[in-house]
Amino acid sequence: MSWIGIDVGGTFTDAVAYDAARGELRSEKAPTTPHAPQQGVLDALARLGIDLNQAERLIHGLTLATNTVLERKGADVWVITNRGFRDTLEIARTNRPVLYNIKTLKAAPLVPRSRILEIGERTLRDGSILHDVPADELDTIISTLRRAEAKAVAVCLLHSYANPASERQIARRLEAAMPDCFVTTSADVLPEFREYERFSTAVLNAYTGPRVSRYLSSLDGALSERGYGKPVFIMTSNGGVFTGERAGRFPVNTILSGPAGGVAASASLGEAIGVRNLITYDMGGTSTDVCLLDDLQVPLTNEQFISDFPNRTPQIEINTVGAGGGSIAWLDSGPILKVGPQSAGAQPGPACYDRGGAEPTVTDANIVMARIDPQGKLAGTVQMRPDLAEAAIDSVVAKMAGVTRLTLAEGIVRIAVARMVSAIKEISIGMGYDPRDFALLAYGGAGPLHAAAIAEELEIPKVVIPPNPGNFSAYGAILSDVRHDYVRTHPMAVAAENVAEMETIFRDMEADGKAGLAKEAVTTGSVEMRRSCGIRYVGQSWELAVDLPTGPIDLDAYSQAFHQAHNQRYGHSAEGDPLEIVNFRLAVIGVMSKPSLPEWTVEGSLDKALIVTRDVLFDGAFSPTPVYDRMKLPKDAAIPGPAIVEESGSVTIVPPGWRCTLERFGVLILTKGH
């Protein structure tokens, strides 16, 4: 029986298959097909040569919901809300995106005012209903939506987190009258207070819903035709998985689906090799994603944005920057050289791919510097064209005085590195951590190319390169557990008289969680319940999500956990001040069986792994550099820099002054010095 992991990236679609009986791990890549993402998935599976009849489970990380929002290709959403609250999405939080520019405008909301319909219902903050849903008004609204042939509707009523009855009543009527319309309610998507954030998250769900559900339905049909008859699992933003059926109803939970797999794999690898403080660095074709794991704890947040819109679903605290292998180098009016966030993507791709791209990218710069084999095939499928890379670089050189092809190529890489360094500083130094206390775990097709340069800038002492780094996120998918997150807004003081009520709330949520897993008929080895709370000092406007210790409720332990979290985030705490709980949170985790990394068994001498020696550009000068085949490196190999280690889907650069060793499981460790 095989476990299959899929990750659809901006340039390539990665596939990993683990044979549970033999303990064998295989990986393949296929070009991503943006016009029909399922085709790239099917192509990658075909390259694996797996009999889908024998597949036990298939887990899929996807970027479709993310791209739908970023590219503004979602559905024309309609919103039903309370009378008088039609402008909630437009008003937002009244903050200014750029503090010192009075002319700065906010991003336009995803739903224009003309598609927001009001109704005279009112639920109060305690959940009591002051005014029921007016039947005549709802009939009028349904007629309006039917005339407009609405494809997506978000029902967003005040205080539905306390009582969702009215929202669900409206949704049932809509679904009966318009069965082809995607209907979502804010209480089902995000049962929390703060109406703007809840409404925004519900709108994102409706905006992405039709496109994601169509894709998943199409993929499910294509897989069934090829013999796969089991549920397709989807990676979610919180690092877990749930069924494709649930993902089709709640696609907003997949906004960080792709990067989440890499973080899950990083935590597992860190445990296996005994490195517990990691900064994960995933550089692909269009972007770079970074995350900090303190003692291998995956940080979760519900305060993220996507393209200026709040998304308050639980998600891994990942920082993304538009710097990838396909990021385009361009000149502003200075003229100052910039890199990204525009990307050549999968189509047309970098100029060296010979698919019509003419603008220089980070990948083209690495080709010119000979860090990527100019005559090689990327991932075994894309033949490099160094002449096209040079022509693209020269098109910018012609516009800059005193700049050569080589200096520009090196400048492009340095600017990309600077942008990625800045992203890592935001999640480390900006959050009270010293990056020198962490190892940098680099993966993605382009991550190992630039990892040493990033570590050098941040004085990070160790770089870890996992096996098959180009497919690492797909591998993380088959390591992930089924996970459902629940939240309930119920403000109360952290006080002894409330302990019984707190326990009742958690017990009710745990019962809902077990029922949710049972409803999806997911077979798991065991079920874990992880409690947390949104806690704040009395008088504060915003809370911190705090993981709670297992066992009976211990108010002292809860308080201490909050004070530590507050001190870590803000640099101070007030341990004598009273606390209040705002939200109760529960993660229900169905633990799945997992693969283990195979031991590295290659024997022999380092010379047998040597492919060629070629001149590679480092610090403005070409140096003779040995190039090794990673799959032929013997156990305990030690390689002084400069050197290059090549494999299908990725290239690791060992700069001068660095050293690379091959350690357990075939992991490469880069350290400064000899």
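Author: What follows describes that pocket, and then some backbone details elsewhere in the chain.

The model is a predicted one. Its second largest pocket has a volume of about 520 Å³. Three elements each give at least two residues to the lining: the helices α3 (88-91) and α7 (195-225), and the strand β17 (309-311). Of the contributions, the largest share is that of α7, with 5 residues. Sorted by class, the lining holds 15 nonpolar residues, 6 charged ones and 2 polar ones.

Next, the backbone. Most residues other than glycine have a negative phi, and most peptide bonds are trans. Gly340 and Pro341 are joined by a cis peptide bond, with omega at about 0°. Pro341 sits in strand β21, which covers residues 337-343. Another cis peptide bond links Gly641 to Pro642, and here omega is about 5°. Pro642 belongs to the loop between β32 (638-640) and β33 (643-647).

Two glutamates have a positive phi. For Glu149 the angle is near 55°, and this residue is in the loop between α4 (135-147) and β9 (152-156). Glu149 counts as exposed because its relative accessibility is 60%, and exposed means over 50%. For Glu459 phi is about 60°; Glu459 lies in the loop between α13 (447-458) and β25 (462-465). With a relative accessibility of 52%, Glu459 also counts as exposed.

Notes
Residues numbered from 1 in each chain as written. Predicted model: local features only at pLDDT ≥ 70, side-chain atom pairs only at ≥ 80, totals over all residues. Heavy atoms only, no water. 1 Å grid on protein atoms, 1.4 Å probe; cavity = no way out; pocket = protein on both sides within 12 Å on 5 of 7 lines; lining within 4 Å. Points joined across faces, edges and corners; volume = space filled by probe spheres on them. Helix = DSSP H or I, 4+ residues; strand = E, 2+ residues; numbered from the N terminus. Nonpolar A, V, L, I, M, F, W, Y, C, P; charged D, E, K, R; others polar. Buried < 20%, exposed > 50% of the residue type's maximum accessible area, 1.4 Å probe, protein only.
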